[in-house]
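Please look over the sequence and the structure before reading on.

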Amino acid sequence: MLLKDLPRDALLRPLSRNEVIGMLVRLSIFGAATYYSIKWVVEAMDPTSKQKSQAKKRAEELMRRIGLEGITLTEYEMNIASLLVDPQTIRVSWRDIAGLDEIINELQDTVILPFQKRHLLPDSKLFQPPKGVLLFGPPGCGKTMIAKATAKASGCKFINLQASTLTDMWYGESQKLTAAVFSLAIKIQPCIIFIDEIESFLRNRSSLDHEATAMMKAQFMSLWDGLDTTLTTQVMVMGATNRPQDVDPAILRRMPATFHVGLPNAKQREDILRLILAGENLSNAINLREIAEKTNGYSGSDLRELCRDAAMYRVRDFVRKEQIRQIAQQLQSYEEEEGPVNEDRLRPVTQLDLLFGLDKMKESKQATAAILPVVAEVPLD
Ligand SMILES: Nc1ncnc2c1ncn2[C@@H]1O[C@H](COP(=O)(O)OP(=O)(O)OP(=O)(O)O)[C@@H](O)[C@H]1O
């Protein structure tokens with residue numbers, strides 16, 4: 001029916017109360033449907049929305065587990081909160097780190113005591129954890145382990161900030177995220193902000209820096225300085241790097257406590273080997289000193305790889321023996337079969353296994369050395 005076909009009276013008469021209410025209800029439903037459709041379309045068009053909602057869920061779950069559910073967070077703080085590590089769930093403790101007693105003792109005195117015993121000197125400006133700590137040294141020597149064990153020992157929450165997080169597009173705007181790192185850390189303090197590969201994040205400032213990156217760095221440093229303003233703030237930035245020479249000097253100045261986590265010496269390597277192999281079934285003739293002496297230049301992570309390989313040989317032997325046994329069983333009649341006598345058990349790891357593992361490791365190291373340039377260790381000062 002067209003408008004002109006309607007009776008003139010029907011158009012001119014005032015609307016009844018019910019008609020007005022009905023119209024309002026229809027308008028509201030239409031408005032809500034439009035709003036949610038537009039929202040749905042916008043979200044569907046945002047390629048990062050799934051990641052964002054996953055990060056939000058993860059953050060909420062983490063906050064609940066850590067016992068921080070009452071704290072209200074902004075959207076940006078929520079993104080950073082998805083990187084939180086609960087000190088209770090950190091598996092690494094001092095007992096898992098071998099050969100680094102000196103560094104551990106110093107960390108205990110300079111970092112952990114001020115966190116743990118803050119109540120003894122609450123008004124002291126001096127008895128405070130340093131605002132920045134730098135762990136530097138070649139890869140695989142335990143820097144990340146030390147950072148995690150420090151958080152566990154001091155009972156600090158641990159924000160594991162990847163170099164790319166603040167520059168990653170899906171997380172949002174760098175500057176808002178940078179601000180969120182610090183505001184979140186303050187809300188949940190005591191807290192350690194850990195930045196692995198800090199050189200790639202806060203690299204020497206150069207003219208090649210993108211303007212946004214330069215601004216983010218400047219902002220990071222000013223927020224970092226701001227931590228000093230209140231005595232009660234218990235937030236520390238801990239950085240780790242393989243290339244201290246590439247870290248911006250302005251950042252280095254903000255990390256007064258530096259720890260060199262270098263390649264282990266022979267004694268340290270023996271300690272690391274003993275720790276890695278603890279709990280394994282070892283032959284009595286194992287001589288870890290011999291392996292330690294033959295592994296000059298190896299990192300803790302190399303030694304772990306070597307041991308992992310060595311421990312696999314007996315499994316391979318076991319599988320081969322089993323295959324031979326099965327073939328023999330098929331050839332023999334079942335009456336003659338003697339049955340499995342102690343055959344279900346793996347033999348212990350032997351010195352020969354470790355030496356084989358070492359040979360294999362040497363070969364792969366030589367192969368990688370051929371394709372990768374040698375990175376010399378440069379002292380910090
Ligand atoms: N001192 C050590 N004691 C026991 N295990 C060690 C030690 N150093 C390294 N490892 C072994 O090597 C692995 C790697 O160590 P970690 O990740 O802490 O090294 P990193 O110095 O942080 O290396 P990267 O610079 O590559 O991040 C550890 O998971 C551990 O198994």
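Pro190 sits in the loop between helix H7 (174-188) and S4. The bond that joins Gln189 to Pro190 is a cis peptide, with omega about 5 degrees. This is a predicted model, so treat every value below as computed from predicted coordinates.

**Loops on either side of S4**

- Pro190 belongs to the loop between H7 and S4, and strand S4 covers residues 191-196.
- Glu197 falls in the loop between S4 and helix H8 (198-201).
- Phi of Glu197 is near 50 degrees, a positive value in a residue other than glycine.
- Is Glu197 buried, exposed or partly exposed? Glu197 counts as partly exposed because it has 18 C-beta neighbours inside 10 Å, and a buried residue needs 20 or more.

**The sheet**

- Six strands form an open sheet with mixed pairing, in the order S1-S3-S4-S5-S2-S6.
- Its edge strands are S1 (84-85) and S6 (257-260), and each of these pairs on one side only.
- S4 and S5 run parallel and are joined by six bridges.
- Along that pairing, Ile192 stands opposite Met236, and Asp196 stands opposite Ala240.
- Strand S2 (residues 132-136) also runs parallel to S5, with five bridges between them.
- In this pairing Gly132 stands opposite Val237.

**How covered is S5?**

- Strand S5 (residues 235-241) is mostly covered, with seven of its seven residues buried.
- One side of S5 carries Val235, Val237, Gly239 and Thr241, and these are all buried.

**Ligand shell**

- Which residues come nearest to the ligand? Of the 19 residues around it, they are Pro139, Gly142, Thr144, Gly300 and Ser301.
- Helix H6 (143-154), H11 and helix H13 (300-331) are the elements that give two or more residues to this shell.
- By class, the shell holds nine nonpolar, seven polar and three charged residues.
- Why does the ligand lie between the domains? Domain 1 and domain 2 both give residues to the shell, so the ligand lies between them.

**Domains**

- The domain assignment gives domain 1 (51-260) and domain 2 (266-334 + 343-368).
- Seven residues from domain 1 and eight residues from domain 2 make the contact.
- On the side of domain 1 that touches domain 2, there are four nonpolar, three polar and no charged residues.

**Chain overview**

- The chain has 14 helices and six strands.
- Of its 381 residues, 29% are buried.
- Among contacts with a separation of 6 or more, 82% are between residues 24 or more positions apart.

**Confidence**

- The model scores ipTM 0.96 and pTM 0.76.
- Mean pLDDT for the chain is 82, and 84% of the residues reach 70 or more.
- Which elements have the lowest and the highest mean pLDDT? Helix H1 (residues 8-12) has the lowest, at 71, and helix H11 (residues 266-277) has the highest, at 95.
- H11 is also one of the elements that give two or more residues to the ligand shell.
- Where pLDDT is low, the predicted coordinates should not be read in detail.

Note on methods. Residues numbered from 1 in each chain as written. Predicted model: local features only at pLDDT ≥ 70, side-chain atom pairs only at ≥ 80, totals over all residues. Buried ≥ 20, exposed ≤ 12 C-beta atoms within 10 Å, placed from the backbone. Helix = DSSP H or I, 4+ residues; strand = E, 2+ residues; numbered from the N terminus. Pairing = 2+ DSSP bridges. pLDDT = per-residue confidence, 0-100. Near = placed C-beta within 6 Å. Nonpolar A, V, L, I, M, F, W, Y, C, P; charged D, E, K, R; others polar. Domains from an automatic or database assignment. Contact = placed C-beta atoms within 7 Å.
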